[in-house]
Amino acid sequence: MKRAEKSRDIKNNILNVSRNLFITKGYKATTIRQITDKAGITIGSLYHFYRDKEDIFLHIVNDNLREIMHASDNLLGADADDILKYAFRFALEMKVIDLSDIVAELYLEAHLSWRIMSSMMSLFLPIARTMFHPYNEHFTDQDYYLRFIAIRGARMHFMIERLHQGKLDYNVKCPFMIETALSLFNVPKAIIHESIRRSMHLINEKRIELYGYVIPPGK
């Protein structure tokens, strides 16, 4: 096997093992030693490819972002507009957080990581410029940044409340959070409400698989 292919296989193995451990044990409870033992590699080999456990987590978060985008595109169809995609992805993430203690913990850990949130922000800014520019022609990067951290704070509170109190009133709180987020970008109310309506309908009517979890209709 060529060196590049071998390196890619080792990196992917580390990610797959780590993902399985994170989703079964949680992020905090998973150690580097557990990852290397499960992956069948030395600690030195792991640190050759990743800086630390947080760096592994960052790569998994990026993979999960692509997964949720792929899942939403499949459910919404190619003709869905950007605002609907935003609303539905928000609703989908909040649903799986509401259903799983460990997913809620993983999302909270990701939001608490400055490294991961900095990476997410760098991805968010160009997308936000394209998605919300029609409603905010004079917005600067600072305007988008301030809204990013405001939405991040609201999502973190949702996760903390979920972890401390158990299941939340998803059908009330999720639409409110989506409406609040989209209002920050001056999206017209009619568009917001229709995007929320369609998103919640899909969440409640479709069988959805995400991160290895199955979300049954109406669950």
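Tutor: Let's start with surface: accessible areas come from the Shrake-Rupley method with a 1.4 Å probe, and for residues only the protein chains shown count as cover. In this protein the accessible surface is about 11500 Å², and carbon and sulfur atoms hold 55% of it.

Student: What kind of model is this, and how are residues numbered?

Tutor: The model is predicted, so local features need pLDDT of at least 70 and side-chain atom pairs count only at pLDDT 80 or more, while totals for chains, interfaces and linings use all residues. Residues are numbered from 1 along each chain as its sequence is written, and side-chain values use heavy atoms, with hydrogens and water left out.

Student: How many helices and strands are there?

Tutor: Helices (H or I, at least four residues) and strands (E, at least two) are DSSP runs, numbered from the N terminus. You'll find ten helices and two strands here. Read from the N terminus, the order is α-α-α-α-α-α-α-α-α-α-β-β. The radius of gyration is 19 Å, close to the 17 Å that the globule rule gives for 219 residues, so the protein is as compact as a globular protein of that length. That radius is taken over C-alpha atoms, and the rule is 2.2 Å times the number of residues to the power 0.38. Along the principal axes, the C-alpha trace spans about 55 × 40 × 35 Å.

Student: What percentage of the residues count as buried?

Tutor: Buried means under 20% relative accessible area, exposed means over 50%, and partly exposed is in between (1.4 Å probe, protein chains only). Of the 219 residues, 45% count as buried.

Student: And how do I read contacts?

Tutor: A contact means heavy atoms within 4.5 Å. Take the contacts between residues at least 6 apart in sequence: 69% of them join residues at least 24 apart.

Student: Which residues does Gly26 touch?

Tutor: Leaving out residues up to four places away in sequence, Gly26 touches Leu21, Ile102, Glu105 and Leu106. Gly26 and Leu106 are 80 residues apart in sequence, with their C-alpha atoms 6.8 Å apart in space.

Student: Next, charges. How many salt bridges are there?

Tutor: A salt bridge is a side-chain nitrogen of Lys or Arg within 4 Å of a carboxyl oxygen of Asp or Glu. By this rule the count is 14. Take Arg115 and Asp52, whose closest N and O atoms are 3.0 Å apart in a salt bridge. Arg115 is in helix H7 (residues 114-132) and Asp52 is in the loop between helix H3 (43-49) and H4, so this pair ties together parts 63 residues apart in sequence.

Student: Where do Arg19 and Asp63 lie?

Tutor: Those two form a salt bridge as well, with 3.1 Å between the closest N and O atoms. Arg19 is in helix H1 (residues 3-25) and Asp63 in helix H4 (residues 53-76), 44 residues apart, so to speak a link between distant parts of the chain. Arg19 counts as partly exposed because its relative accessibility is 25%.

Student: Which helices hold Glu161 and Lys173?

Tutor: First the bridge: the side chains of Glu161 and Lys173 meet at 2.5 Å, N to O. Glu161 lies in helix H8 (residues 141-165) and Lys173 in helix H9 (residues 170-183), so the pair ties together parts twelve residues apart in sequence. As for networks, salt bridges that share partners join Arg19, Asp63 and Arg66 into one.

Student: Is Glu161 buried or exposed?

Tutor: Glu161 counts as buried, at 18% relative accessibility. Lys173 is partly exposed, at 27%.

Student: Which side chain of opposite charge is nearest to Lys85?

Tutor: Lys and Arg count as positive, Asp and Glu as negative, and His and the chain ends are not counted. For Lys85 the nearest one is Asp73, 4.0 Å away; Lys85 is buried yet has no salt bridge. Lys85 belongs to helix H5 (residues 82-99). Not counting residues up to four places away in sequence, Lys85 touches Asp73, Leu76 and Ala80.

Student: Last one: what is phi near in Asn186?

Tutor: Most residues other than glycine have a negative phi. In Asn186, phi is near 60°, a positive value in a residue other than glycine. Asn186 is in the loop between H9 and H10, and is partly exposed with a relative accessible area of 44%.
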